[in-house]
Amino acid sequence: MSKDVVIRRLGAGDVVLLRALMACFADAFEDPQHYVKALPSDAYLADLLANDGFVALVALAAEHVVGGLTAYDLPKPERAHSELYLYDLAVAESHRRRGLATALIAALHRIASARQAAIVYVQADPEDEAAVALYTNLGTGRDVLHFDLMPPGDPLASGDGAR
């Protein structure tokens, strides 16, 4: 990873950086509809960032967000541990192939270890060859099916597997 890039966990006072991370996701995933068009209020985002069960990490180069990830701590009822679900991870095209994604996951692993989480897991679309290659190098894969179960009348449902 470049020496000019710093990885940082966001907290309640980092709403501007979280919004910048959402813009990074929108660009990387080519999906502004889900990541920037209807973001909630600053108060909502600050509350989310203050929630210890939500993890947002950013890669900063010259104070600009060039990548990051979001994850969720899922406490398990069958054992006294949790699992971290890596929900989104992206690196700006200008900073790819420099080890940033691996460094972000390593930072998430440190958080998982500190929480004594049993595992970090992630899903990837088979068509996303770069993500599949990254995760294959870092862990063990399983073929699973993913289902979006939308509540009736959900205003966020768009019929296309909305997040």
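D52 is exposed, with 52% of its area accessible in relative terms (exposed means over 50% relative accessible area, buried under 20%, and partly exposed in between, using a 1.4 Å probe and protein chains only). The loop between helix 3 (42-50) and strand 2 (54-61) holds D52, while R115 sits in helix 4, so their pairing ties together parts that are 63 residues apart in sequence. You are looking at a predicted model, where local features need pLDDT of at least 70 and side-chain atom pairs count only at pLDDT 80 or more, while totals for chains, interfaces and linings use all residues. Residues are numbered from 1 along each chain as its sequence is written, and side-chain values use heavy atoms, with hydrogens and water left out.

**The chain overall**

- Five helices and five strands make up the elements of the chain; these are DSSP runs numbered from the N terminus, with helices (H or I) of at least four residues and strands (E) of at least two.
- Read from the N terminus, the order of elements is β-α-α-α-β-β-β-α-β-α.
- The chain has 163 residues, and 34% of them are buried.
- Among contacts between residues at least 6 apart in sequence, 60% join residues at least 24 apart; a contact means heavy atoms within 4.5 Å.

**Salt bridges**

- The whole structure contains seven salt bridges, each defined as a side-chain nitrogen of Lys or Arg within 4 Å of a carboxyl oxygen of Asp or Glu.
- D52 and R115 meet through their side chains in one of these, at 3.1 Å from N to O.
- R115 also forms a salt bridge with D73, and here the closest N and O atoms are 2.6 Å apart.
- Because R115 lies in helix 4 and D73 in strand 3 (residues 64-75), this second pair ties together parts that are 42 residues apart in sequence.
- R115 is partly exposed at 21% relative accessibility, whereas D73 is buried at 17%.
- A network of salt bridges links R9, D52, D73 and R115.
- Elsewhere, D14 and R8 form a salt bridge whose closest N and O atoms are 2.7 Å apart; D14 counts as buried at 12% relative accessibility, and R8 as partly exposed at 33%.

**Helix 4**

- Helix 4 covers residues 100-115, which is 16 residues.
- From its first C-alpha to its last, helix 4 reaches 23 Å, close to the 22 Å expected at 1.5 Å a residue; the expected span is 1.5 Å times one less than the number of residues.
- Its buried residues are L100, A101, A103, L104, I105, A107, L108, I111 and A112.
- Q116 follows helix 4 and has a positive phi, near 60°.

**Nonpolar cores**

- The largest nonpolar core has 21 residues, and L57, L69, L89 and L108 touch the most other members; such a core is a set of buried Ala, Val, Leu, Ile, Met, Phe, Trp, Tyr and Cys residues joined through side-chain atoms within 4.5 Å.
- At least two residues of this core come from each of strand 2, strand 3, strand 4 (82-91) and helix 4.
- Helix 4 gives the most to this core, with eight residues.
- Another core lies apart from it, with 19 residues that include V15, L17, V58 and V65.
- Leaving out residues up to four places away in sequence, the contacts of L69 include L21, F25, L57, L89, L104, I105 and L108.

**T70 in strand 3**

- T70 has its place in strand 3 and counts as buried at 4% relative accessibility.
- With residues up to four places away in sequence not counted, T70 touches L21, M22, F25, F54, V55, A56, Y85, L86, Y87 and D88.

**Aromatic pairs**

- There are seven aromatic pairs, where rings of Phe, Tyr and Trp (its six-membered ring) pair if their centres lie within 6.5 Å; planes under 30 degrees apart count as stacked, over 60 as edge-to-face and the rest as tilted.
- Y85 and Y87 form an edge-to-face pair, 5.9 Å centre to centre with 70° between the planes.
- Y85 is buried at 14% relative accessibility, whereas Y87 is partly exposed at 31%.
- Ring pairs join F54, Y72, Y85, Y87 and Y121 into a cluster.
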